[in-house]
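This report describes a structure for a reader who has not seen it before. The sequence and the model come next, and the text follows them.

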Amino acid sequence: MDNNKRPESMERITNQVLANAFIDEQIREVRAQVGNKKVLLALSGGVDSSVVAALLIKAIGKQLVCVHVNHGLMRKGESEQVIEVFRNQLDANLIYVDATDRFLNLLAGVSDPEQKRKIIGAEFINVFADEARGLDGVAFLAQGTIYPDILESIKQAEGKKAVKSHHNVGGLPEDLKFEGLVEPIKLLFKDEVRVVGEALGLSHEMVYRQPFPGPGLGVRCLGAITRDRLHALREADAILREEFANCGLAGKVWQYFVVVPDIKSVGVKDESRYEGWPAIIRAVNTTDAMTATVEEIPYAVLHKITARITAEVEGINRVLMDLTPKPVGTIEWE
Ligand code: XMP
């Protein structure tokens, strides 16, 4: 039997009873697979890796070693949340690696979007591999592969080309050998992963969080990334997320974020000339990320966001709204 193929008889996991049965079955399978050996997991804090982490903590406790790599391109508060939930609340064996300087130094002066994606993807593997080499006796690698990833790989194997080089944890270097992979959610669709996540006790906020690309804010800080513009982007994005939460849009809109291009315009602040970057708001809805429509945000909300970002974020002097559907624009700008 091809164990990468979802059996037709597999029931869709739509409620907590089915989720609990799935969790119990996976706990048995994982324990049988790994025995008393250690398992390594790259924990980004996204839905898939978080659900795998929570499941494996339940199955094998401290035999799971989670590595959270902060590439310096996370949203505000994100790495802190990973530490709080997994280390402090779930008592996981979590290694936190602040690799901000490694990434930002490599990215300095690089403006080509694909080049940026490749650097971030490759360095992510380097940092993760460096950590893995330093650990004793890790036999298995866990991954948050889900069924759409498997379907996507089949499409790519058939020669269909992607618009952008997506990166999650790709191929690890040859010298890192594992006895096997642990992929407990590989036959699940996203909605099922969320139901399982909630059954495992993860918060609704964590399990229903909006998608966030592997290269993070790196593809939203357009062109060559600088630390000051990246900081402005992170702060503006945090305000946007806060205001979306305040007005009830947060659970409704598929993806909403800020983009900061590498251009400046003239403005005025405290009666003096003030050159700053624009913050571009993008808020889209989609079901499969292949096409997307733009969310119609009430003007009052846009005015509030504009007032807050321009008043609170150093370096931003205008706020713009991206009204482009996909196609013709992609969801991310790079
Ligand atoms: P685009 O920009 O191609 O994005 O319309 C479609 C969806 O994919 C997300 N995205 C990524 N997700 N790794 C990911 O896991 C990546 O490298 C990546 N790049 C884009 C994007 O946020 C949107 O949801």
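## A glutamate in helix 9

Glu-243 belongs to helix 9, which spans residues 227-246; helices here are DSSP runs of H or I with at least four residues, numbered from the N terminus. The model is predicted, so local features need pLDDT of at least 70 and side-chain atom pairs count only at pLDDT 80 or more, while totals for chains, interfaces and linings use all residues. Residues are numbered from 1 along each chain as its sequence is written, and side-chain values use heavy atoms, with hydrogens and water left out.

Glu-243 has a relative accessible area of 5% and is buried (under 20%; exposed is over 50% and partly exposed in between, with a 1.4 Å probe and protein chains only). Leaving out residues up to four places away in sequence, Glu-243 touches Lys-304, Ile-305 and Arg-308, where contact means heavy atoms within 4.5 Å.

## Nonpolar cores

A nonpolar core is a set of buried Ala, Val, Leu, Ile, Met, Phe, Trp, Tyr and Cys residues joined through side-chain atoms within 4.5 Å. The largest has 49 residues, and those touching the most other members are Leu-40, Leu-230, Phe-244, Ile-297, Ile-309 and Ile-316. Apart from this core lies another, of 43 residues, including Ile-13, Ile-27, Ala-59 and Val-196. In soluble globular proteins, nonpolar side chains tend to be buried together.

## Helix 7

Helix 7 covers residues 190-199, and seven of its 10 residues are buried. Among them are Glu-192, Arg-194 and Val-196. The buried residues of helix 7 pack against helix 1 (16-34), helix 2 (47-60) and helix 8 (204-207).

## The ligand

The ligand is surrounded by 15 residues, and the closest are Lys-164, Gln-255, Lys-326, Ile-331 and Glu-332; a residue counts if one of its heavy atoms lies within 4 Å. By class, this shell has five nonpolar, six polar and four charged residues. Ala, Val, Leu, Ile, Met, Phe, Trp, Tyr, Cys and Pro count as nonpolar, Asp, Glu, Lys and Arg as charged, and the others, Gly among them, as polar.

The table lists polar contacts, which are pairs of N or O atoms within 3.5 Å.

| Residue and atom | Ligand atom | Distance |
|---|---|---|
| Arg-117, polar side-chain atom | nitrogen | 3.0 Å |
| Gly-214, polar backbone atom | nitrogen | 3.2 Å |
| Ile-331, backbone N or O atom | oxygen | 2.8 Å |

Taken alone, the ligand exposes 500 Å², and the protein buries 88% of that; these areas come from the Shrake-Rupley method with a 1.4 Å probe.

Terms used: Helix = DSSP H or I, 4+ residues; strand = E, 2+ residues; numbered from the N terminus. Polar contact = N/O pair within 3.5 Å; in protein donor to acceptor, adjacent residues only side chain to side chain.
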